[in-house]
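Here is a short briefing to read alongside the model.

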Amino acid sequence: MTWKELLSPRMSQTLIDEIDTFESQIALRRQGKIDEKVFAETRLRRGVYGQRYDNGQRNDGTGTKQLAFPSNGLTKGPDTVWDAPGMMRIKIPFGDLTPEQMEVLADVAEEYSDEVCHVTTRQDIQLHFVHIADTPDLMRRLASVGITTREACGNTVRNVTACPLAGVCRDEIFDVTPHAIACMRFLLGHPDTQDFGRKFKVAFSGCTEHACGLVSMHDLGLIARTKIIDGVEHQGFETYVGGGLGAVPHQAKLFSDFLPVEELLPTAQAIARIFARRGEKKNRARARIKFLVAQLGLPEFQRLVKEERDSLLFDTRWTEHLDQSPSASNIRTNSDKTVTHIDPPNGFDQWSLTNVYQQRQPGYVVATVVLPLGDLTSQQMRALAEIAQRYVGTTVRTTVEQNIVIRWVHESELPHLYSDLKAVELAESGAGTVTDITACPGTDTCKLGIASSRGLAATLRNSLKNNKDSLDLGTQGLRIKASGCFNSCGQHHIADLGFYGVSRTINGYSVPHFQVVLGGKWRNNGGSYGLAIGAVPSKRIPEAVEKISDRFVSERQDQETFQEFVSRVGKRSLKTTLDDLTKVPSHSDNPEFYSDWGDPREFTLGDMGIGECAGEVVSLAEFDLAAAEAQVFEAQLKLEEADYSKADELAYHAMLLAAKGLIKTEFIDVTDNPGDIVREFKERFFDTELFFDKYAGGKFAMYLFRRHKRESRPATTESARQLIEEAQLFLEASHACQARLAAENSQSSLPNGTPRS
């Protein structure tokens with residue numbers, strides 16, 4: 001199926017047939033005639049996700065959280081589980097939306113969802129609380145205006161993203177829009193992209209210095225470049241492979257300093273074929289292409305791709321887009337009209353200062369519509385479609401910072417545009433400032449969420465807005481990003497101040513915490529990744545932000561950036577700044593600490609219980625876990641000092657300490673010998689699956705095993721950094737394992753397993 005078919009005014013027969021087939025598969029799965037694993041990948045490839053119920057805390061009466069579309073949902077009796085609402089991810093290539101498409105999105109959000117359109121960090125639109133039975137009709141409605149959910153999820157090429165300013169940016173080398181369109185069309189449904197072990201993400205950027213494309217964190221990243229060859233200027237791409245955030249982030253590697261535009265699609269196809277053929281399939285934890293590049297080494301990966309490229313038969317689609325004119329979305333399509341002068345409305349000056357960007361085309365600007373938490377209601381989406389039609393007559397674009405930009409606005413129309421946006425509560429200022437916070441869904445709807453990233457983001461945003469007059473200019477430009485877990489869907493690794501949710505057990509209670517991540521760099525396409533310096537109780541994160549920003553304001557030298565400040569002052573010093581915030585008051589003194597943002601109920605991780613009867617054993621394990629956290633932090637400091645071997649050693653020993661702490665819960669007095677620790681841990685926690693959790697299984701234990709088996713070799717910046725990330729994840733898994741053991745001990749010590757009152 002070609003993208004032209006998808007964009008046709010009527011649905012193509014191919015698309016009709018695909019949706020009809022999916023509807024039949026739903027019916028067959030409901031009857032138990034399709035294996036759940038097969039159906040799960042099928043629905044994911046159609047953009048249909050499961051989600052948590054009720055802010056992630058709904059209880060079915062058995063002490064277990066219920067999930068929408070659970071793997072055993074069709075065999076557990078009542079239809080209430082099967083009919084649970086889920087999430088629909090809608091693919092918006094490079095964020096480009098027409099007014100007509102926006103109107104349909106507004107309609108389906110009202111009819112099938114909770115009347116909220118959520119913009120993601122990959123320029124998609126997500127609808128939550130959608131019933132799976134409604135998804136075929138929803139897909140048909142979207143397809144009628146050229147939108148597909150195909151391959152929005154699953155082990156496929158995900159949404160192709162690109163700079164939302166492409167075509168109008170003052171700093172771009174050339175407009176990447178036509179190439180993003182061509183890449184999206186070519187890879188969608190391509191036979192060579194259907195057999196991946198995991199997802200594959202592509203991004204385009206028109207320049208190096210800004211962050212609009214975030215090329216460094218992608219499986220395939222492309223930055224516009226030109227090169228003079230035989231006296232003629234040619235367009236091409238500085239090409240990167242093997243990037244990615246996730247639990248253990250990898251910085252993308254330079255694959256080619258200049259890939260000619262005519263080689264873009266055949267090279268992408270060759271990379272896809274190598275990934276499908278050589279990538280990991282069994283162990284999902286290592287199935288991204290970043291692991292394949294690391295395993296093979298960049299030179300060998302380049303050789304294999306070149307060999308594969310040379311073997312491909314010519315495809316006319318590789319170059320047919322090169323003769324086309326620049327994309328129509330880069331041109332204002334409504335006719336010029338006379339604009340009546342009005343005095344700037346209240347708030348206009350501040351809004352224009354932060355939300356208006358001067359295009360490279362004289363007289364025209366881009367206006368950013370700030371969407372708190374990436375959300376806008378169906379009524380706002382419909383109103384925004386009308387506004388876009390009125391002022392520019394063409395498309396808008398979603399952004400990776402979960403906002404929407406309106407391009408090609410004439411400067412004389414700005415006061416009118418602001419008034420119209422204000423009328424529908426979409427005229428908030430602060431785009432690209434410290435109040436413009438990015439957050440993943442977290443425990444609101446995500447099955448993997450540990451803490452409420454959206455709740456935290458909303459709290460921080462309100463707090464910073466209320467104190468914006470006191471913010472230093474340097475502080476106003478900081479980026480804050482929050483994730484509900486370590487997987488970095490909120491992009492906490494590339495924030496000035498990043499946070500990801502974790503849990504700690506305090507006196508038998510589960511307490512929501514966030515790891516504080518420093519050292520990330522948003523600019524230069526996500527130029528560097530931060531590392532966690534320590535966990536702070538969720539309810540004290542606003543104080544942590546205030547303390548760190550206050551130090552930045554008071555100790556900043558000249559015009560140094562926040563990253564330069566962090567590097568100069570040092571993470572040890574900044575961690576000390578937060579030490580007094582890590583203490584948790586007792587439950588009786590302040591029960592508020594034992595619930596998460598936006599949820600008055602006591603914090604819990606699924607069926608995790610609360611144990612008090614194994615106090616001595618728990619305290620011994622907790623002691624070792626605390627020591628392990630201290631060691632992994634010391635490893636960070638050694639990394640900053642470029643002592644990579646010591647950083648590697650400390651991260652390894654942090655994992656050994658955590659493993660030893662768990663072994664002590666079985667009353668085993670293990671020696672300090674690494675071989676003894678690893679052997680006992682493997683026998684008692686890995687082989688028995690005690691260390692495994694519901695979602696990650698035992699993958700974090702493999703980090704310890706791999707490092708233990710590895711022969712001694714010089715550590716590099718990258719290898720040391722990755723081991724530190726892996727050690728941090730191993731520690732988090734150890735905390736979770738210890739909490740489960742404490743809960744089990746508590747239950748077994750009570751008469752007949754009676755729950756604690």
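In this predicted model, five strands form an open sheet with mixed pairing, in the order 16-17-18-19-20. At its edges are strand 16 (438-439) and strand 20 (531-537), each of which pairs on one side only.

**The sheet**
- Strand 16 runs parallel to strand 17 (residues 480-483), and two bridges join them.
- Threonine 438 has lysine 481, in strand 17, as its bridge partner.

**Around glutamate 732**
- Glutamate 732 sits in helix 24 (residues 717-748).
- Its relative accessible area is 9%, so glutamate 732 counts as buried, given the cut-off of under 20%.
- Beyond its neighbours within four places in sequence, glutamate 732 is in contact with Val502, Arg504 and Gln515.
- With arginine 504, glutamate 732 forms a salt bridge between side chains (2.9 Å, N to O).
- This pair links helix 24 to strand 18 (residues 497-506), with the two residues 228 residues apart.
- Both glutamate 732 and arginine 504 are buried.

**Other salt bridges**
- The structure holds 50 salt bridges.
- One of them joins the side chains of glutamate 18 and arginine 46 (3.0 Å, N to O).
- Glutamate 18 lies in helix 2 (residues 13-30) and arginine 46 in the loop between helix 3 (36-45) and strand 1 (48-49), so the pair ties together parts 28 residues apart in sequence.
- Aspartate 648 and arginine 710 also meet through their side chains in a salt bridge (2.6 Å, N to O).
- Here aspartate 648 belongs to helix 21 (residues 644-664), while arginine 710 is in the loop between helix 23 (699-709) and helix 24, 62 residues apart.
- Aspartate 648 is buried, at 4% relative accessibility.
- Shared partners join the salt bridges of Glu18, Arg46, Arg150 and Glu151 into one network.

Methods. Residues numbered from 1 in each chain as written. Predicted model: local features only at pLDDT ≥ 70, side-chain atom pairs only at ≥ 80, totals over all residues. Heavy atoms only, no water. Helix = DSSP H or I, 4+ residues; strand = E, 2+ residues; numbered from the N terminus. Buried < 20%, exposed > 50% of the residue type's maximum accessible area, 1.4 Å probe, protein only. Contact = heavy atoms within 4.5 Å. Pairing = 2+ DSSP bridges. Salt bridge = Lys/Arg side-chain N within 4 Å of Asp/Glu carboxyl O.
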